[in-house]
Amino acid sequence: MRLRPLTITDAVKDYAAVMESEEHLRTIFEPGGDWPLGLTLEQNTIDLGWHQKEFQVRTSFAYTVVDLDEAQVLGCLYIDPTRKPGYDAEITMWVRQSRVQEGLDEHLFETVSSWIEECWPLKRPAYPGRLISVENWRAIQPEH
């Protein structure tokens, strides 16, 4: 797999990965939520453009996870700032539902967490849904 910045040129392949993984994604970002239900290719393209701009201005960082020949999007990684006390970033990621069983999710998490520790200037990144439950993460009140 390869990680690289997510851009609008990834919209079609990203959309295919999201649509294949609808059920899986609803358990990752907002248990009981409905995203990405009803997502259209147009809205996905807009979302990717937003992520691309945030990356350009360095306010948050969205990466696409692709196979080596870039024929298929395998998932995404998001590194976002947080105002939650005791943490300096919120890091979330997902892989295509069809690739979870083969261990790609665990491999991505191990790879990303090592990369963050070795290369990023973060002292305490949060991994909601992994090292802290989504419910506990949401319960932490942000600093003003």
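Q: So Glu-70, how exposed is that one?
A: Glu-70 is partly exposed, with a relative accessible area of 23%; buried means under 20%, exposed over 50%, and partly exposed is in between (1.4 Å probe, protein chains only). Keep in mind that this is a predicted model, where local features need pLDDT of at least 70, side-chain atom pairs count only at pLDDT 80 or more, and totals for chains, interfaces and linings use all residues. Residues are numbered from 1 along each chain as its sequence is written, and side-chain values use heavy atoms, with hydrogens and water left out.

Q: What does Glu-70 form a salt bridge with?
A: Arg-2, with the closest N and O atoms 3.4 Å apart. A salt bridge here is a side-chain nitrogen of Lys or Arg within 4 Å of a carboxyl oxygen of Asp or Glu.

Q: Where do Arg-2 and Glu-70 lie?
A: Arg-2 is in strand 1 and Glu-70 is in the loop between strand 2 and strand 3 (73-80), so the pair ties together parts that are 68 residues apart in sequence. Helices (H or I, at least four residues) and strands (E, at least two) are DSSP runs, numbered from the N terminus.

Q: Which residues are linked with them in a network?
A: The salt-bridge network links Arg-2, Arg-4, Asp-10 and Glu-70. Arg-4 pairs with Asp-10, the closest N and O atoms being 2.6 Å apart. Asp-10 is buried, at 5% relative accessible area.

Q: How many salt bridges does the structure hold?
A: Seven. Another one is Glu-22 with Arg-26, at 3.9 Å between the closest N and O atoms. Those two are four residues apart in helix 2, about one helical turn.

Q: Switching topic: what about Asp-14, buried or exposed?
A: Buried, yet Asp-14 has no salt bridge; Arg-96, the nearest side chain of opposite charge, is 8.4 Å away. For charge, Lys and Arg count as positive and Asp and Glu as negative, while His and the chain ends are not counted.

Q: And which side chain does Asp-14 join in a polar contact?
A: Asn-44, at 3.1 Å. A polar contact is a pair of N or O atoms within 3.5 Å; within protein, one must be able to donate a hydrogen and the other to accept it, and residues adjacent in sequence count only if both atoms are side-chain atoms.

Q: Which residues of helix 3 are buried?
A: Asn-44, Leu-48 and Phe-55. They cover an arc of only 35° around the axis, which puts them on the same side of helix 3; the arc is that of the directions from the helix axis to the C-beta atoms.
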